[in-house]
Amino acid sequence: MPSSFSHAVAAVAFGRAYTKRALPPRFWICTVACALIPDLDILGSRFGIGLDSMLGHRGITHSFFFALLLSGLVVLFAFRQPVSGISQRALFVYFFAVTASHPILDALVDGDWGVAFFAPLTSTRYFLPWRPIHSSPVGMGFFSATGATVIMNEVVWVWLPSLVVSLAPWLGKQWLTRRQGSRFSHESDLIPESDI
Ligand SMILES: [Zn+2]
């Protein structure tokens, strides 16, 4: 799995791209929480739940079903009132996408245990065809030489793309402004001198 830092970075970047409105802290707290909560299934190993179980790591908490459930609960309990003109429906779609970003990132990892995207319908584990992200060590192993290599890998494959995603609305606006500017200057070049 990518590290918790990278899951949080990707979620916040998505939030920045989603809206530029001033939003209350609970929006950002819930954004990070939705990106991290799926990995609570790691605790299952302490109770003897195996990786092959639907309740095991990357099982049902990494499914689209769970993302729907968690998003519904977040909207129900944290956003009873719409915020900054964003409807509850829009917030539901947003928190579903943020939660689903976690298993999608996990499926890009070069580990050997896939993601049960479609639990509880099926416990089949999936990976995406392209897996450039290294599996992150758990616990103190994260602060080892291997951990440093993993972080560098995540900077390239998670943090930098996240930066691009967060800047996407601004970059799109800049591109449109330049395009319109060059079109107007081109049209003015075509106006006959007698009409000026
Ligand atoms: Zn995970």
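I began with phenylalanine 117, which is buried at 7% relative accessibility (buried means under 20% relative accessible area, exposed over 50%, partly exposed in between, with a 1.4 Å probe and protein chains only). I note that this is a predicted model, where local features need pLDDT of at least 70, side-chain atom pairs count only at pLDDT 80 or more, and totals for chains, interfaces and linings use all residues. Residues are numbered from 1 along each chain as its sequence is written, and side-chain values use heavy atoms, with hydrogens and water left out.

I counted rings of Phe, Tyr and Trp (its six-membered ring) as paired if their centres lie within 6.5 Å; planes under 30 degrees apart are stacked, over 60 edge-to-face, and the rest tilted. The count came to 14 aromatic pairs. I looked up tyrosine 18 with tyrosine 94, a tilted pair at 4.5 Å centre to centre and 35° between the planes. Tyrosine 18 lies in helix H1 (residues 4–18) and tyrosine 94 in helix H4, so this pair ties together parts 76 residues apart in sequence. Helices here are DSSP runs (H or I, at least four residues), numbered from the N terminus. Tyrosine 18 is partly exposed at 30% relative accessibility, whereas tyrosine 94 is buried at 1%.

I then went back to phenylalanine 117, which forms a stacked pair with phenylalanine 64: 5.2 Å centre to centre, 10° between the planes. Phenylalanine 64 sits in helix H3 and phenylalanine 117 in the loop between H4 and helix H5 (145–190), 53 residues apart. Phenylalanine 64 is partly exposed, with a relative accessible area of 26%.

I also noted a cluster linked by ring pairs: Phe14, Tyr18, Phe27, Trp28, Phe79, Tyr94 and Phe95.

Histidine 62 lies in the loop between helix H2 (25–36) and helix H3 (64–78) and histidine 102 in helix H4 (residues 88–106), so the two tie together parts 40 residues apart in sequence. Both histidine 62 and histidine 102 are buried.
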